[in-house]
Amino acid sequence: MECHMFFIRKANQNDVSDIAHIHYESWNATYSNLLPETYRDKENNLSQKMEMWEKVLPSSGVDTWIAYDSEDTAVGFISYFKKDHECEITTLYLLPQYQNLGIGTNLMNAALIDASQCNSCSSLSLWVLKTNLSAISFYGKFGFESDGQCDEELYEDTKITDIRMVKLL
């Protein structure tokens, strides 16, 4: 049996390219069966992700953790921001070939500890596609529960619904 070692650290400006790449690749894989192809093509663009992360990473109130392997290959990340005493996870993505190895769990634990101990957040929330059942199940294992809020978008003939999940810290 092959053993993989993974490490997690706080992301910095040097990680922009890796994070954008992971975001792009993982977003494509995650939503390939959940969202229309034309919507995916419109919403997911590598250069836009690069631009976005160049702005997001250095901004205050945003904390991003990156996971990488023993060869220093970035494989996943989680990012959240703080507003008052509430924190919201905006992204949690892993390259598809690194999913189901416990890395997402380690990233989530890093964010939960950081949010509660370093940022004194009273709650942590996130938005997830209503049809992304594996993600909803994953978040449920950490005690996140739907609070009934949802966000709906009509794209061509498809209704895209995100639900909000919350965990009190």
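Modeller: Tyrosine 155 is buried at 12% relative accessibility (buried is under 20% relative accessible area, exposed over 50%, partly exposed in between, with a 1.4 Å probe and protein chains only). Mind that this is a predicted model: local features need pLDDT of at least 70, side-chain atom pairs count only at pLDDT 80 or more, and totals for chains, interfaces and linings use all residues. Residues are numbered from 1 along each chain as its sequence is written, and side-chain values use heavy atoms, with hydrogens and water left out.

Biologist: How many aromatic pairs are there?

Modeller: The count is 9, taking Phe, Tyr and Trp (its six-membered ring) with centres within 6.5 Å; planes under 30 degrees apart are stacked, over 60 edge-to-face, the rest tilted. In one of them, phenylalanine 6 and tyrosine 98 have ring centres 5.9 Å apart and planes at 85 degrees, so that pair is edge-to-face.

Biologist: Are those two buried or exposed?

Modeller: Phenylalanine 6 is partly exposed at 22%, and tyrosine 98 is buried at 17%.

Biologist: OK, back to tyrosine 155. How are the rings of tyrosine 39 and tyrosine 155 placed?

Modeller: Their centres are 5.0 Å apart with planes at 75 degrees, so they're edge-to-face. Tyrosine 39 is buried too, at 8%.

Biologist: Switching topic, which charged end sits over the ring of tryptophan 27?

Modeller: That's lysine 49, 5.7 Å from the ring centre (the rule wants NZ of Lys or CZ of Arg within 6 Å of the centre and within 35 degrees of the ring normal).

Biologist: And which residues form an aromatic cluster?

Modeller: Phe138, Tyr139, Phe142 and Phe144 make one together.
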